[in-house]
Amino acid sequence: MIYKSFSNKLTALAAMALLCCSTLFASTSARADCSSAPALPAGCPGWMPGTTLITMPGPSGCQITIKYCTACCNGIAYAYVYEIDPAGPGPDCDAVNPEDMIYAAAKAVRTIAANGCAPPPCPTGLSINTYIPTCWTESAPTGEYEITPCSSAGCYCQETCQVCLNMGVLQYTNCKTISVGMDCDSSCTTNPGMPWISGTCYSITCHNL
């Protein structure tokens, strides 16, 4: 009886440990996400995470998986990119400047956000804000090649445009880009172009998509 009781306690403890570990793993892996995105206006339902795959323009054939967040609130669309996973490393993506990947990703997500907010026919338009973190780093923490932000959450480039549908095609006008946040680049190195050194935090330039 003593042995059986002790065995039952061990079984219960093991089950509890497994449950705790499973919960911890789930909460950690489900995070990434939109927690570092700029705050949306009060009353907005929140950011919606998503993933998409695009092929970089040009002859490289480099494909990147983009992890992003979008929102539509009070007739305004919002877009934010928080991770880029190149298909590689390999000859296709190694020849592409990571900053070019970042801007191609932001442009693709801007399209997704705009379509998700039902833009009207031109000339009437709706406003769209696209956020791009100021600093990024290239790494392979789990053996997978990824490019992620390394600046604080309050530091980003913000592009604001008007978007409407011109014969069924998205048309962006009045685009303006500003840099948001103070002293964001204090721990960042100026982007050298090519190549990036793994683990080094690089600042990108703020410009229209």
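# Salt bridges and elements of the chain

Glu83 is buried, its relative accessible area being 11%. The model is predicted, and its protein chain holds three helices and 10 strands. Three salt bridges turn up when the whole structure is searched. Two of the pairs involve Lys67, which bonds in this way with Glu83 and with Asp85; the other pair is Glu159 with Arg110.

**Chain overview**

- Starting at the N terminus, the order of elements in the protein chain is α-β-β-β-α-α-β-β-β-β-β-β-β.
- The protein chain has 209 residues, of which 40% are buried.
- Among contacts in the protein chain with a separation of 6 or more, 62% are between residues 24 or more positions apart.

- In the pair formed by Glu83 and Lys67, the closest N and O atoms are 3.4 Å apart.
- Because Lys67 is in strand β2 and Asp85 in strand β3, the pair ties together parts 18 residues apart in sequence.
- Lys67 has a relative accessibility of 26% and therefore counts as partly exposed, the range for that class lying between 20% and 50%.
- Asp85 has a relative accessible area of 15%, so it is buried, the cut-off being under 20%.

- Glu159 and Arg110 meet through their side chains in a salt bridge with an N to O distance of 2.9 Å. Glu159 sits in strand β7 (residues 156–166) and Arg110 in helix α3 (residues 98–115), so the pair ties together parts 49 residues apart in sequence.
- Both Glu159 and Arg110 are buried.
- As for shared partners, Lys67, Glu83 and Asp85 are joined by their salt bridges into one network.

**Helix α3**

- Helix α3 has 18 residues, which at 1.5 Å a residue should span 26 Å; the C-alpha atoms at its ends are 26 Å apart, so the two values agree.
- Of the 18 residues of α3, 13 are buried, so the helix is largely enclosed by the rest of the structure.
- Where α3 starts, Asn97 places a side-chain oxygen within 2.9 Å of the backbone nitrogen of Glu99.

- Apart from neighbours within four places in sequence, the residues in contact with Ser151 are Pro133, Thr134 and Cys135.
- For Thr134, the backbone nitrogen is 3.4 Å from a polar atom of the Ser151 side chain.
- For Cys135, the backbone nitrogen is reached by the side chain of Ser151 at 3.2 Å.

Conventions: Residues numbered from 1 in each chain as written. Predicted model: local features only at pLDDT ≥ 70, side-chain atom pairs only at ≥ 80, totals over all residues. Heavy atoms only, no water. Salt bridge = Lys/Arg side-chain N within 4 Å of Asp/Glu carboxyl O. Buried < 20%, exposed > 50% of the residue type's maximum accessible area, 1.4 Å probe, protein only. Helix = DSSP H or I, 4+ residues; strand = E, 2+ residues; numbered from the N terminus. Contact = heavy atoms within 4.5 Å. Polar contact = N/O pair within 3.5 Å; in protein donor to acceptor, adjacent residues only side chain to side chain. Expected span 1.5 Å × (residues − 1).
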